[in-house]
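Hi there,

Here is the structure I promised to pass on to you. Have a look at it first, and then read my notes below.

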Amino acid sequence: MRQILLTLLLVVGFPFSALAQQERDFASQYMHLYNNENGSLTCNTVSPLMMQRILQLDEVENDEEAHRLISQIKSIQILTAKDPTAYAQHFEQAKELADSNSKRYQPYRANNLSAIYFRQKKKVIVEIVFISQQRHTFSIISITGNMTQDFIKQLAHI
């Protein structure tokens, strides 16, 4: 089940268009603010239609827990940086953006290489943001949907 979720989060080869949203998710907002004219950032989306197709896979349909968790996801945006010299700068800018929007994004967990934030409406988590800087990559993964506290706990353990 964890392999299915991890694979789902790492699907970067499927550039699907996201449906128009009233509010920008974190990855879209970051892309809007910090993607300079040379296009140093790329963003790939797993659309709601793709999420429905994933739910129809035999591996997911036959795994009740995986189906329950994945059905809470509306879409996933995966933003990555091309320039390795800018990874640390992007990481700090992303954390600053989340922290400066503290009414919208609450921190869940953070360290020197990664941070997890979430956005909640009433008792439903509507977005989870993973910010990660490793030696060979910088990424933001923004998951939107109608998720429970159990969902974020499951993802944090992957």
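This is a predicted model: local features need pLDDT of at least 70, side-chain atom pairs count only at pLDDT 80 or more; totals for chains, interfaces and linings use all residues.

Is Gln-93 buried or exposed? Its relative accessibility is 16%, and the limit for buried is under 20%, so Gln-93 counts as buried. Setting aside its neighbours within four places in sequence, Gln-93 is in contact with Tyr-30 and Tyr-34. With Tyr-30 there is also a polar contact, side chain to side chain, at 3.1 Å.

Those two tyrosines bring us to helix H2, because Tyr-30 and Tyr-34 are among the H2 residues that touch H6.

How do the two helices pack? In general, two packed helices are described by the angle between their axes and the distance between the axes. For H2 (residues 26–34) and H6 (residues 87–100), the angle is about 120° and the axes are 11 Å apart. The two helices are therefore oblique to each other, and H2 passes H6 in a right-handed crossing. On the H2 side, the contact is made by Phe-26, Gln-29, Tyr-30, Leu-33 and Tyr-34, and on the H6 side by His-90, Gln-93, Ala-94, Leu-97 and Ala-98. Sorted by class, that gives 7 nonpolar, 3 polar and no charged residues.

Now for the whole protein: it has 7 helices and 6 strands, in the order α-α-β-α-α-α-β-α-β-β-β-β-α along the sequence. Of its 158 residues, 44% are buried.

Enjoy exploring!

Definitions and conventions
Residues are numbered from 1 along each chain as its sequence is written. Side-chain values use heavy atoms; hydrogens and water are left out. Axes are lines fitted to C-alpha atoms, for helices over the stretch in contact, and angles run from 0 to 180 degrees between N-to-C directions. Helices (H or I, at least four residues) and strands (E, at least two) are DSSP runs, numbered from the N terminus. Angles under 35 degrees count as roughly parallel, over 145 as roughly antiparallel, 65 to 115 as roughly perpendicular and the rest as oblique. A crossing is left-handed if the near helix is turned anticlockwise from the far one by less than a right angle, and right-handed if clockwise. Contact means heavy atoms within 4.5 Å. Ala, Val, Leu, Ile, Met, Phe, Trp, Tyr, Cys and Pro count as nonpolar, Asp, Glu, Lys and Arg as charged, and the others, Gly among them, as polar. Buried means under 20% relative accessible area, exposed over 50%, partly exposed in between (1.4 Å probe, protein chains only). A polar contact is a pair of N or O atoms within 3.5 Å; within protein, one must be able to donate a hydrogen and the other to accept it, and residues adjacent in sequence count only if both atoms are side-chain atoms.
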